Amino acid sequence: MNAGARSRGVRVTRRGVRVRRIGAFLLAGALAATCGARALPDAGTPSWASPGLVGGGGWPYAGVPLPPEDAPGASYIPGSSVVRLADGRVRLVPFGGETAVTLDASDPGVVAAVRSDRAWLASGTVPGRFSDMASRALLDLRLLTGAEGASLASWFGAWRYAWPRDSAFAAAAFTVTGHPQEALRILRFMAGVQTPSGLWAARYRPDGSPVLDGRSPQLDSVGWMLWAAWLFQRSDPSGTELWPMVERGADRLAASLRRDGLPPPSADYWERNPATEQDPGAPTLGVAGPVLAGLRSAAAFASGTGHTARAAAWRTAADRVADAIGARFAPLGYPRSPVRGGAMDTSVTFVAPPFAPADPFVAAAVATAARRQALPNGGVLPGERWPGDPSVAWTPETALFALSDAASGRRDAAVAQLSWLASHRTSLGALPEKVDPGGRQAAVAPLGWTASLVVLALTALERPLPVPD
């Protein structure tokens with residue numbers, strides 16, 4: 001999903017937070033003998049292949065991938081991350097542990113783990129529509145979020161990092177479903193790795209160190225983090241502690257605006273060099289949209305916490321961006337780059353609910369983009385003229401259209417997209433990153449960004465999501 005990036009010329013301090021572990025009081029040393037050696041995937045099996053994560057409740061939340069060879073006949077015990085294997089035994093991660101063990105179904109540790117997972121789900125709200133998919137997405141997000149707050153994109157290789165963009169959506173999903181501890185932990189982690197300049201590196205290791213691979217910071221991530229912080233703060237008073245992060249980020253965005261009101265070019269969720277865009281001298285809508293949402297969110301955060309002068313300044317900056325988008329992108333139908341005949345992409349949803357007020361012209365552009373990006377397998381590409389495999393659907397983009405439709409009141413369209421996502425999960429019910437032309441998983445599962453977007457879309461079907469304005 002995401003390529004690496006680094007913050008150029010900026011040192012990010014390691015968090016160095018020691019994780020306090022709860023003793024494995026239910027499953028002590030004797031149970032270690034029940035844990036068989038993890039078999040390596042068969043030759044030719046992708047290193048990311050797994051139908052989902054095995055967990056076991058408790059704190060800190062920990063999960064490990066289920067090997068592909070154990071997947072046939074396996075399923076989650078409903079409402080949990082505990083896996084029942086085809087032979088009737090149960091695999092879980094003991095409380096306080098990080099390695100999966102295989103137990104008899106009658107073991108008391110199984111009951112305790114399932115009860116813990118179900119209690120966590122019940123502590124919040126699980127959307128009723130597609131409730132099985134919603135529960136699985138939330139449980140997967142919990143397993144992907146470490147004790148320090150690093151919310152991993154997925155469990156494997158190049159995905160085993162925390163992107164600010166993805167983390168913002170994970171925090172938002174936890175927020176709207178009533179799981180504030182998880183949301184705040186993510187936001188605290190991101191506040192701790194933010195640079196004094198207000199920027200973030202493109203991705204971080206679980207310990208908070210940035211990945212230094214030669215890429216510049218991505219400006220859209222600042223906007224998404226500000227949006228997530230505002231969404232949390234408006235529902236939980238403890239969100240006021242995020243003010244320093246919001247102030248640094250919003251000041252950076254406001255100061256970055258050019259004379260035309262747009263931010264400078266930057267990589268966005270496509271994770272590619274701005275020089276390769278149709279208009280290298282202008283930001284994509286994938287940057288301008290999140291910057292607008294972020295400035296509006298920061299202004300609302302400031303207004304709600306008594307920082308009236310900052311609220312006014314950021315509102316003025318947001319108005320400049322909104323006017324510039326209206327002048328540069330709107331007359332062209334909201335393409336990815338502000339050029340005549342520009343290719344459409346999913347970033348048109350970033351200037352629609354729940355990130356911006358409803359607009360009939362934006363709604364029409366969202367429908368156009370969804371139609372042009374649609375694939376025969378039912379999913380969508382990230383955008384027109386996508387440089388990757390043109391036959392493979394991406395679930396985050398499909399889920400973004402579902403979220404936009406749900407938040408805009410287009411229920412039938414949202415349900416259709418969500419139905420496709422539900423029917424293209426792994427055998428354990430996890431949401432993969434990609435789906436091939438034959439409808440099969442074509443990349444990692446679970447993918448945190450897709451899980452977050454699905455939770456947000458399902459929530460939007462039940463009640464209006466707040467819009468920064």
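**Figure 1. Helices α6 and α8 cross in the predicted model.** A helix axis here is a line fitted to C-alpha atoms over the stretch in contact, and the angle between two axes runs from 0 to 180 degrees between N-to-C directions. The model shown is predicted. Helix α6 covers residues 219–233, and helix α8 covers residues 285–304. Their axes come within 7 Å. They cross at roughly 35°, and the crossing is left-handed.

**Figure 2. Side by side: the residues where α6 meets α8.** From α6, the contact takes Leu-219, Asp-220, Gly-223, Trp-224, Leu-226, Trp-227, Ala-229, Trp-230 and Gln-233. From α8 come Gly-286, Val-287, Pro-290, Val-291, Gly-294, Ser-297, Ala-298, Ala-300, Phe-301 and Gly-304. By class, the contact residues of α6 and α8 split into 12 nonpolar, 6 polar and 1 charged.

**Figure 3. An open sheet of 4 strands.** The strand order is β3-β4-β5-β6, with antiparallel pairing. Strands β3 (75–76) and β6 (101–103) stand at the edges. Each has a single partner strand, so one side of each is left without a neighbour in the sheet. Strands of a sheet pair through backbone hydrogen bonds. Strand β5, residues 90–92, pairs with β6 over 3 bridges in the antiparallel sense. Within this pair, Val-90 has Leu-103 of β6 as its bridge partner.

**Figure 4. The contact between domain 1 and domain 2.** The domain assignment of the protein chain places domain 1 at 49–123 and domain 2 at 124–462. Taken over C-alpha atoms, the domain centres are 30 Å apart. Domain 1 gives 28 residues to the contact, and domain 2 gives 26 residues. Between them the two domains bury about 2,200 Å². Carbon and sulfur atoms carry 64% of that area. Which residues of domain 1 lose the most area to domain 2? They are Leu-53, Tyr-61 and Trp-120, which together account for 32% of what the domain 1 side buries.

**Figure 5. Cis peptide bonds at Pro-60 and Pro-446.** Most peptide bonds are trans. The bond from Trp-59 to Pro-60 is cis, with omega near -5°. Pro-60 sits in the loop between β1 (53–54) and β2 (64–65). The bond from Ala-445 to Pro-446 is cis, with omega near -5°. Pro-446 belongs to the loop between β8 (434–435) and α13 (448–462).

**Figure 6. A positive phi at Phe-130.** Most residues other than glycine have a negative phi. Where does Phe-130 lie? The loop between α2 (108–122) and α3 (131–144) holds this residue. Phe-130 is not a glycine, yet its phi is positive, at about 50°.

Conventions:
Residues are numbered from 1 along each chain as its sequence is written. This is a predicted model: local features need pLDDT of at least 70, side-chain atom pairs count only at pLDDT 80 or more; totals for chains, interfaces and linings use all residues. Side-chain values use heavy atoms; hydrogens and water are left out. Two strands pair if DSSP finds at least two bridges between them. Helices (H or I, at least four residues) and strands (E, at least two) are DSSP runs, numbered from the N terminus. A crossing is left-handed if the near helix is turned anticlockwise from the far one by less than a right angle, and right-handed if clockwise. Contact means heavy atoms within 4.5 Å. Ala, Val, Leu, Ile, Met, Phe, Trp, Tyr, Cys and Pro count as nonpolar, Asp, Glu, Lys and Arg as charged, and the others, Gly among them, as polar. Domain bounds come from an automatic or database domain assignment. Buried area is the accessible area (1.4 Å probe) that two parts lose on being put together, summed over both.
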